[in-house]
Amino acid sequence: MNPRFHTLKIKDIRRETNDAVSFSIEIPSELKADFHYKPGQHLTFKRILNDVDVRRSYSICSAEYENELRVAVKKIPNGKFSSFVNDQLAVGDEIEVMNPMGNFTTEINANTTKNFVFFAGGSGITPIMALTKTILHTAKNSTVSLIYGNRGFSHIIFREEIDALKNMYMDRLSVMHIFSDEKIGNELQEGLLNKEKVTELYNAILEGDQVDEVFVCGPQPMIMAVKEVFEEKGMNHHQIHFELFTNPDQEAKEAAQHPTAAQHIGERVTAQVSAIIDGEMMTVELSTDGKSILDAVNDAGGDAPYSCKGGVCSTCKAKVLEGKVFMDKNYALEEDEVEAGYILTCQSHPLTEKVTVSYDEW
């Protein structure tokens, strides 16, 4: 399914914490199939704010059996979209929403018999909630261990819902909260989720247990810590799934301050880059050390999909049909996708004089 925006209405808004809200979206019957999703996937939103086209991706926190499509948004200092959602969005408002996408998921069915371990930091709980609820509801022979890091008790998003799940599935769900700024009298539950703390937690509560899959969502240092610890404990990297949460505004500032990796490679070319979008092809001239393929295409009048422009969300994914490109960053595509020729066009630059990419190869 090619990614495209649909105009939808806000159905419900809930205040989750002082700096986070969740909201559900009304899906017309004719779009139900387009908005079928897997737990862990995300939605991309678009809104004109102060005459600027602002796009952000947020993970779905509901499970499909709940018959609602809900996301949670934590307010980020100076965050354009998150501030709008927390301070101005109202029930009945219309917003542009792209159909669900993302790889932060796994096959879950009635026959799944696995022990899952989830690490979440702050608003990284959102896709973890969808996965947790789906596993507990569907895979009745599977267990979930959730380790959730926050600054303090009042910052826990979905606190009451997590407590309700824990009471409902006492024999299959275990939850441990970790606080970085609050003392609760248990040193194991205090501090940052760095490598030292993750190792300490593994030794205290997971040593000797079978762990089949690990999911981690949150800041990059936490992700790297979890990944390193579980790989050192012998887990295959294919069993470790991660999704990076970033501030897109900060990502853009950092990108502007540092030269791209493409500028450090030896040979530069001036390429004819052709992009196929919804069956139509357009061609732009682009140098290796110039702007990204995504920016070149859209600056020339194209309508290529995008959201974060930080190599995180995969909204701008396309397949290389001809030529070679180089990606500055890739936090979203799996190894097999890259091997199959998929790229993040927001991070891609041409390496050959002719390049053809297709946004229709999903």
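Student: Which residues are linked with D12 in a network of salt bridges?

Tutor: R14, E68 and R70 are linked with D12 in that network. A salt bridge here is a side-chain nitrogen of Lys or Arg within 4 Å of a carboxyl oxygen of Asp or Glu.

Student: What kind of model is this, and how are residues numbered?

Tutor: This is a predicted model, where local features need pLDDT of at least 70, side-chain atom pairs count only at pLDDT 80 or more, and totals for chains, interfaces and linings use all residues. Residues are numbered from 1 along each chain as its sequence is written, and side-chain values use heavy atoms, with hydrogens and water left out.

Student: How many salt bridges does the structure hold?

Tutor: It holds 20. One of them joins the side chains of K75 and D87, at 2.9 Å from N to O.

Student: Where do K75 and D87 lie?

Tutor: K75 lies in the loop between β5 (69-74) and α1 (80-87), and D87 lies in helix α1, so the pair ties together parts that are 12 residues apart in sequence. Helices (H or I, at least four residues) and strands (E, at least two) are DSSP runs, numbered from the N terminus.

Student: What about K291? Which residue forms a salt bridge with K291?

Tutor: D299 does, with the closest N and O atoms 2.9 Å apart. D299 is exposed, at 55% relative accessible area. K291 is partly exposed, at 41%.

Student: And which residue meets D295 in a salt bridge?

Tutor: K309, at 3.0 Å from N to O. This pair links distant parts of the chain, 14 residues apart. D295 is in helix α7 (residues 293-299), while K309 is in the loop between α7 and β14 (317-322). D295 is partly exposed, at 24%. K309 is partly exposed too, with 38% relative accessibility.

Student: Switching to strands. How many bridges join β1 to β6?

Tutor: Five, and the two strands run antiparallel. Strand β1 covers residues 5-17 and β6 covers residues 94-98. Two strands pair if DSSP finds at least two bridges between them.

Student: What is the bridge partner of F5 in β6?

Tutor: M98.

Student: How does β3 run relative to β6, parallel or antiparallel?

Tutor: Antiparallel, with two bridges joining β3 (residues 42-49) to β6. K46 has E96 in β6 as its bridge partner.

Terms used
Buried means under 20% relative accessible area, exposed over 50%, partly exposed in between (1.4 Å probe, protein chains only).
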